[in-house]
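Hi everyone, thanks for coming.

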Amino acid sequence: MNAHVESWGGLSVETSGLLKPEAFLDDSRASGGALPYGNGRSYGDSCLNAAGVAIATRSARKILSFDETTGLLEAEAGLLLSELIDAVAPKGWFPAVLPGTQFVTLGGAIANDIHGKNHHRKGTFGCHVTEIHLDRTDRGPLVIRPGDATGLFEATVGGLGLTGLIRKATVQLMRVGASSIRQETTRFNDLEEYFGLAQEADDRHEYAVAWLDSISRGRRFGRGHLIAGDHETEGGHPAAGSASPLKVPFTPPVTPLQGPFLRLFNETYFRGAPAGVSTRTVGFEKFFFPLDRIGRWNRLYGPRGLHQHQSVIPEEAGFETVKKLLECTQANRHGSFLTVLKRFGQVRSPGFMSFPRAGYTLTLDFPDKGSPTLRLLQELDEITLAAGGAINPYKDRRMSSATFKASFPDWQRLETLRDPALLSDFWRRTALN
Ligand SMILES: Cc1cc2nc3c(=O)[nH]c(=O)nc-3n(C[C@H](O)[C@H](O)[C@H](O)COP(=O)(O)OP(=O)(O)OC[C@H]3O[C@@H](n4cnc5c(N)ncnc54)[C@H](O)[C@@H]3O)c2cc1C
């Protein structure tokens, strides 16, 4: 039976069916082309495979073991990070790397080798994975570890779900005094000021990320907040507040996230932090996952969905290139609703296809307005590549094959290690095109 599968940017496909993870190696439908599907929090088409079946991993989500003395946890790949946090935070442990939403699966976190606000200290999610149980249609069930001779561990971390089905994995958690965060917010008045602050914030804090007002011009160009934080040293894991009842109930015919509303939002948000430096203690959900408080917020981008453009730029070209990228969005009269700038550190991921590399990463969100948006995104790609940077594949649904291959020169290594039964719309569109 056909099944409807969606990604977060608003793409949807009718796959030819859903498979349970335990059926992957035996079900003949898999050989016609399959793809693991976690919780669909990738923005583009890297989690979609219109021509085949989706392996719906959420049905297997048990925590299999947790050693409270070492912080080693083994779980099935369909476990959400929110469920993982619920289980370990009361015992003083926390995932070492968290993305901007807690509703991603363990398998999805590994396959995209996700990054968080502490990349400068902890690297990517894959740096904390010690073992993976991988099912492959050509080699059967395997257990892979960092550095093993197959090369499959390095290919699976950041391997976009193409090297096999991750059935379970072991991760090293980090010890924390409390899950709540001592947050330090520095309001900066322009982009240059941010670049003067970023490195020191990384040196002093576990977490650091900046929100930018992408539409401000002149003396205020690139103004924003640098939001840094560290776990409180004591206080444990206070019970989370009741889940937010807020949910966007339907997709509006036209996105409100543009024009005067966007200007008002940016102005209000910017003024929401006092000038200079301010500190306060916030719950971990507020610090890491502010967007999770509004269910299905992606609907606000309208019926055509949204494009997220995430680039990474080598450190030395950071300021000039981020400036050009912002100027380009302004010249194209496209406001980015949520604009985030972060400095990636030097910690190397084990995954050879991982997106993060030392430098600055800029994330821009645009409602899809058809060809003007596609032209803008292509220009942003060109600026990024000219600076020696790369574009994030799991946020993308339209980058050219050439852009992908320039961003990931090792893509052929992944193609060599791909499970022949697995394919995604993204891989077909970029690598195999
Ligand atoms: C609000 C928001 C904020 C975000 N913030 C960040 C951020 O800060 N940093 C960041 O890096 N990302 C971020 N993301 C992106 C998100 O973290 C990743 O796309 C993540 O991988 C999604 O996980 P998922 O479980 O939803 O997987 P899906 O999106 O369903 O799938 C992702 C990939 O993993 C593969 N996969 C899934 N399960 C398995 C498995 N068991 N075995 C093999 N392959 C598998 C799929 O085939 C696909 O290629 C954000 C997304 C949202 C919506």
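Let me start with a question: how far does a backbone N or O atom of Gly108 lie from an oxygen atom of the ligand? The distance is 2.9 Å. Please keep in mind that this is a predicted model.

A backbone N or O atom of Pro36 sits 2.6 Å from a ligand oxygen, and in Asn112 a side-chain N or O atom is 2.9 Å from an oxygen atom of the ligand. As for cover, on its own the ligand has 970 Å² of accessible area, and the protein covers 96% of that.

Now let's step back to the whole shell. There are 34 residues around the ligand, and those that come nearest are Pro36, Arg41, Ser42, Thr105 and Tyr394. At least two shell residues come from each of strand 4 (34–37), helix 2 (106–111) and strand 11 (165–172).

The largest nonpolar core has 64 residues, and Ile110, Phe125, Ile132, Phe288, Phe404 and Trp427 have the most contacts inside it. Helix 1, residues 81–88, gives the most to this core: four residues. Domain 2 (58–176) and domain 3 (181–407) each contribute at least three residues to the core.

Let's pick out Phe125. Leaving aside residues up to four places away in sequence, Phe125 touches Leu81, Val97, Leu106, Ala109, Ile110, Asp113, Ile114 and Val171. Apart from this core there is another one, of 27 residues, including Tyr194, Ala228, Ile313 and Leu362.

Notes. Residues are numbered from 1 along each chain as its sequence is written. This is a predicted model: local features need pLDDT of at least 70, side-chain atom pairs count only at pLDDT 80 or more; totals for chains, interfaces and linings use all residues. Side-chain values use heavy atoms; hydrogens and water are left out. A nonpolar core is a set of buried Ala, Val, Leu, Ile, Met, Phe, Trp, Tyr and Cys residues joined through side-chain atoms within 4.5 Å. Buried means under 20% relative accessible area, exposed over 50%, partly exposed in between (1.4 Å probe, protein chains only). Domain bounds come from an automatic or database domain assignment. Contact means heavy atoms within 4.5 Å. A residue is near a molecule or strand if one of its heavy atoms lies within 4 Å of it. A polar contact is a pair of N or O atoms within 3.5 Å; within protein, one must be able to donate a hydrogen and the other to accept it, and residues adjacent in sequence count only if both atoms are side-chain atoms. Accessible areas come from the Shrake-Rupley method with a 1.4 Å probe; for residues, only the protein chains shown count as cover.
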